[in-house]
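Me: I am new to this structure. Please take a close look at one part, the pairing of strands, and walk me through it step by step.

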Amino acid sequence: MKKITALVLVSIALTACKKESKTITKIDPVTGDTISIEVPAADSAQTLKEMAQNAAIKDSAGIFTQSLKLEKGKTYPFTTHQKDVATAKLPDGSSQSMTRENTDEITFTVNNLENKIYDVTINFVAKKTSQSAQGKTETIDTRQPAPKDEGLKNRWTIDKAMTGNKLNMKIHENGNIVSIKGFDPIYSKFTTTVNGLTKDANERKALLAQLKASFNEEVLKDQFSKNIFIIPKKGAKIGEKWTVSENASPDGKIKIQSHYTLKKVNDGIAEITITGGIPKQSNKETQEGVTQTLSSELTQNGTYTFDVHSGWIINQNIHVKTSQSQTFSDGKNSETMTNTSDSYVIVNPKK
């Protein structure tokens, strides 16, 4: 990690002496670098006090609350990277695996702050995907020329249409996203792209619907909200745990439980851990003497780190493991197939 040192020197006129200094460190949320600031020792206590008072993640009687303290004109990173490794084990003991990786480079530029609401431009900079199976890897990167393979080229064209775009977001200091606007020009771009890929009206309609379903205000609000703010509104103490429950099935009967813990707040960083998932679910059915048993389970664990001074996310690294099995039995013989998926979800990967 790079270290940038800014020296604040206090000199006394007509003397060659310097006052003793003290180093104060903090994290730059844009680069992730440690910044060391030297201040006169006599002023260090006051400087630290002022930094604590102006911090986005603030301590009040041992309870830490989170807000945003972003700088006008500054651009903050929000690059997401997900790696999925899927493995299927067949009844004969053989197995097949596939790896897929997806990286979306996104940044947030702060335009203004008025009435505690930030005006922010969301920049969709670049997109890269790769898939590996049976010793072969296919890569699509919007920063690179279009692939020669026709199928990959079409996918590259769609990914290209999803980058180079800008949206306007209004977000409150308390983390509530008020609105995300500016989709119409992007949807027009999607339409032009899809029309150039196929002449089939039904295919065009399906492709366009798919793009809009994955790129709209509701989806982006949900995605950003889950990463920008983690500490509950009431605040949390060091070591305190809290749980967030979400529906994992349309009927709401299956829920995913996320258990968070405020691990520590020091050296300009707030660290939060996550565990939980979906407990093992089983379902058994018998038809014509054959019993089919289905079972599944999901576990998650990982860490979030936030910059104390701005409140912006420095890094997220979460491992989600899903296991599924399907067994057929006639009372004498049985066959089992299993599928496992390991997903690694990262925000602002460390360089």
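Reply: Contact means that heavy atoms lie within 4.5 Å of each other. On that basis, residues 24 or more positions apart account for 55% of the contacts in the chain with a separation of 6 or more.

The model is predicted, so local features need pLDDT of at least 70, side-chain atom pairs need 80 or more, and totals for chains, interfaces and linings use all residues. Numbering runs from 1 along each chain as its sequence is written, and side-chain values use heavy atoms, without hydrogens or water.

Start with the whole chain. It holds five helices and 18 strands. These are DSSP runs numbered from the N terminus: helices are H or I with at least four residues, strands are E with at least two. The chain has 351 residues, and 36% of them count as buried (under 20% relative accessible area, with exposed over 50% and partly exposed in between; 1.4 Å probe, protein chains only).

Now the strands. Two of them pair if DSSP finds at least two bridges between them. Begin at strand 15, residues 269-287. Strand 15 pairs with strand 16, residues 290-307, in the antiparallel sense over 15 bridges. Along this pairing, glutamine 281 stands opposite serine 296 of strand 16. The two strands form a hairpin with two residues between them. Glutamate 288 sits in that turn, with a positive phi of about 50°.

Next comes strand 17, residues 313-329. Strand 16 and strand 17 are antiparallel too, joined by 16 bridges. Here tyrosine 304 faces glutamine 316 of strand 17. This hairpin has five residues between its strands. In its turn, glycine 311 takes a positive phi of about 85°.

Then move on to strand 18, residues 334-347. It runs antiparallel to strand 17, with 14 bridges between the two. Isoleucine 318 stands opposite valine 345 of strand 18. Four residues separate these strands in the hairpin, where glycine 331 has a positive phi near 95°.

Alanine 86 lies opposite serine 341 of strand 18.

Look at two further loops between strands. Aspartate 267 lies between strand 14 (255-266) and strand 15. Its phi is positive, about 50°, although it is not a glycine. Aspartate 267 counts as exposed, because its relative accessibility is 59%. Glutamine 134 is found between strand 9 (117-133) and strand 10 (136-141). Glutamine 134 is not a glycine either, and its phi is near 50° and positive. Its relative accessibility is 78%, so it also counts as exposed.

Is leucine 70, another loop residue, buried or exposed? Leucine 70 lies between strand 5 (63-66) and strand 6 (75-77). It is buried, because its relative accessible area is 11%. Beyond its neighbours within four places in sequence, leucine 70 touches Tyr76, Val110, Tyr118, Ser310 and Trp312. Leucine 70 and histidine 309 are 239 residues apart in sequence. Yet their C-alpha atoms are 8.8 Å apart in space.
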